[in-house]
Amino acid sequence: MEPLLEVIDHGAIRELRLAHPPVNALRPELLSSLRESVAAAPGEDVHALVISGSPGIFSAGLDVRYMLEGGETAALSVFQELRALMRALATSTLPTVAAITGHSPAGGAVMAICCDYRVMAEGKFKIGLNEVQVGLSVPPIIHATLTRLVGLRNAERMVVSGALLSPQEALEVGLVDRLVAPDQVLPSALEWCEDLLARPSQAMLRTRAVARADLVRLYDSPDEVFSDDFTAAWSSEETQATMRGLMAKLKAKE
């Protein structure tokens, strides 16, 4: 099996590039590789992290095909690994940038909101927490993480409707921090890291810890990242019917 994650060092900045074609769907192996790489970086003379995707696609979110074919056990494994990755990103001692190279719905957006900064490609792309559209509720901790970025009213409107936003709309509400041409997403992410790392390191890192303390507190109890209700909802008749309908549409396009 080909590696699902590419690790590329740019001096003291490490790029973690999702490599699960065609849409970087998040399955346990990819999520665990990413989590392990995030956790190991501080001990490997790495000073900042960039999570990137493929041209036109950051990540399409959870690997629904894998979860449906593998049943409840496979779904639970995905949820557990996503939970662990969210915590690793939110509590990392290193500045982390999401280089959003294209579409980033659901799980792709979840990864991005746990990072320090988000650079997104301009174009006909979409980003957002569209879980409701596919039959899933948004867990409280994901809602809280989103609210930290976009505010209470914007977060409510986005998650309740499952809205997917254009890059410009995402910038306007604060879901992303910068828009650039698609071929400039990675260079811009690296530039942001380099600029931050040019500052006195101890002062910057201590201040960053203060600024993100509220986010870290959200993830203090890893078992509470997803409620039991969320996991149980996956097996509900409504969710399963919605997911299978989605997969039928995707197969029809293949």
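Predicted model: local features only at pLDDT ≥ 70, side-chain atom pairs only at ≥ 80, totals over all residues.
**The six-stranded sheet**

Six strands make up an open sheet with mixed pairing, in the order S1-S2-S3-S5-S7-S9. Strand S1 (5-10) and strand S9 (178-180) are at the edges; each has a single partner strand, so one side of each is left without a neighbour in the sheet. From one strand to the next, the twist averages 20 degrees.

At the S1 end of the order, S1 and S2 run antiparallel and are joined by six bridges. Within this pair, Glu 6 stands opposite Arg 17 in S2. The two strands form a hairpin, with two residues between them. Gly 11, in the turn, has a positive phi of about 65 degrees.

Strand S2 (residues 13-18) is also joined to strand S3 (residues 48-52), here by five bridges and in the parallel sense. Glu 15 has Val 50 in S3 as its bridge partner. Strands of a sheet pair through backbone hydrogen bonds, and the pairing can be parallel or antiparallel.

Helix H7 (residues 185-197) lies across this sheet, over S1, S2, S3, strand S5 (96-100), strand S7 (117-121) and S9. The helix runs at about 165 degrees to S3.

**The three-stranded sheet**

A further open sheet has three strands in the order S4-S6-S8, and its pairing is parallel. Its edges are strand S4 (56-57) and strand S8 (127-128), each with a single partner strand, so one side of each is left without a neighbour in the sheet. Strand S6 (residues 102-105) pairs with S8 over two bridges. Pro 105 has Gly 128 in S8 as its bridge partner.

| Pair | Sense | Bridges |
|---|---|---|
| S1 and S2 | antiparallel | six bridges |
| S2 and S3 | parallel | five bridges |
| S6 and S8 | parallel | two bridges |

**Helix H4**

Which residues of helix H4 (residues 140-150) are buried? They are Ile 141, Ile 142, Thr 145, Leu 146, Thr 147 and Val 150. An α-helix has 3.6 residues a turn, so residues three or four places apart point the same way.

Just after H4 comes Gly 151, which takes a positive phi of about 90 degrees.

Definitions and conventions: Residues numbered from 1 in each chain as written. Heavy atoms only, no water. Pairing = 2+ DSSP bridges. Helix = DSSP H or I, 4+ residues; strand = E, 2+ residues; numbered from the N terminus. Buried < 20%, exposed > 50% of the residue type's maximum accessible area, 1.4 Å probe, protein only. Axes fitted to C-alpha atoms, helices over the stretch in contact; angles between N-to-C directions. Contact = heavy atoms within 4.5 Å.
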